[in-house]
Amino acid sequence: MLEPYEWKRSCTVLRRERAGNRPDLADLKVFDKNSVYLPTKKIGKHNPREEEIKANNAARQEWNRTADMALISGIDEAKIGNQAS
């Protein structure tokens with residue numbers, strides 16, 4: 001039988017083995033700063049600005065959909081980025 005610490009360590013090792021060659025979470029980037037896409041913001045529990053953040057996220061999602069359609073239709077990413085600034 002494994003001691004509690006050893007059991008926890010063994011589970012961690014198994015999870016990492018299953019993950020394959022993925023980088024550590026600290027190295028992951030969801031959005032590139034120079035991308036045409038805008039990231040949405042997470043809303044924490046009991047955030048007094050929840051409605052403001054939801055409205056902002058909705059606008060960002062609409063921009064991201066528009067950028068998708070522009071890229072699919074063949075518009076150069078540099079031209080889309082210039083319109084965002």
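Reader: How many helices and how many strands does the protein chain have?
Author: In this predicted model, local features need pLDDT of at least 70 and side-chain atom pairs count only at pLDDT 80 or more, while totals for chains, interfaces and linings use all residues. Residues are numbered from 1 along each chain as its sequence is written, and side-chain values use heavy atoms, with hydrogens and water left out. Helices (H or I, at least four residues) and strands (E, at least two) are DSSP runs, numbered from the N terminus. From the N terminus on, the elements run α-α-α, and the protein chain accordingly holds three helices and zero strands.

Reader: In which helix of the protein chain is confidence lowest, and in which is it highest?
Author: The pLDDT, the predictor's confidence in each residue from 0 to 100, averages 75 over the protein chain, where 59% of the residues score at least 70. Confidence is lowest in helix α1 (residues 4–19), at a mean of 49, and highest in α2, at 94. Over residues 7–17 the pLDDT is below 50, and beyond near neighbours in sequence this stretch has two contacts in the model, a contact being heavy atoms within 4.5 Å.

Reader: What span should helix α2 have at 1.5 Å a residue, and how far apart are its end C-alpha atoms?
Author: The expected span of a helix is 1.5 Å times one less than its number of residues. Helix α2 covers residues 50–72, so its 23 residues should span 33 Å, and this agrees with the end C-alpha atoms, which are 32 Å apart.

Reader: Which residues of α2 are buried?
Author: Buried means under 20% relative accessible area, exposed means over 50%, and partly exposed lies in between (1.4 Å probe, protein chains only). By this criterion, buried residues make up 9% of the 85 residues in the protein chain. In α2 they are Ile53, Asn57, Arg60, Asn64, Ala67 and Ala70.

Reader: With which residues is Asn57 in contact, leaving aside its neighbours within four places in sequence?
Author: Asn57 has its place in helix α2, and with a relative accessible area of 10% Asn57 counts as buried. Once the neighbours within four places in sequence are left aside, the contacts of Asn57 are Thr40, Lys41 and Ile43.

Reader: Which residue forms a salt bridge with Arg49?
Author: A salt bridge is a side-chain nitrogen of Lys or Arg within 4 Å of a carboxyl oxygen of Asp or Glu, and a search of the whole structure finds three. Arg49 is partly exposed, at a relative accessible area of 46%, and Glu52 is also partly exposed, at 48%. With the closest N and O atoms 3.2 Å apart, the partner of Arg49 is Glu52.

Reader: What is the N to O distance in the salt bridge of Glu62 and Arg65?
Author: Glu62 and Arg65 are three residues apart in helix α2, which means that about one helical turn separates them. Glu62 counts as partly exposed at 42% relative accessibility, as does Arg65 at 46%. Their side chains meet in a salt bridge with an N to O distance of 3.1 Å.

Reader: Which residue meets Lys54 in a salt bridge?
Author: Lys54 is partly exposed, with a relative accessible area of 40%. At 3.2 Å from N to O, the residue whose side chain meets that of Lys54 is Glu50.
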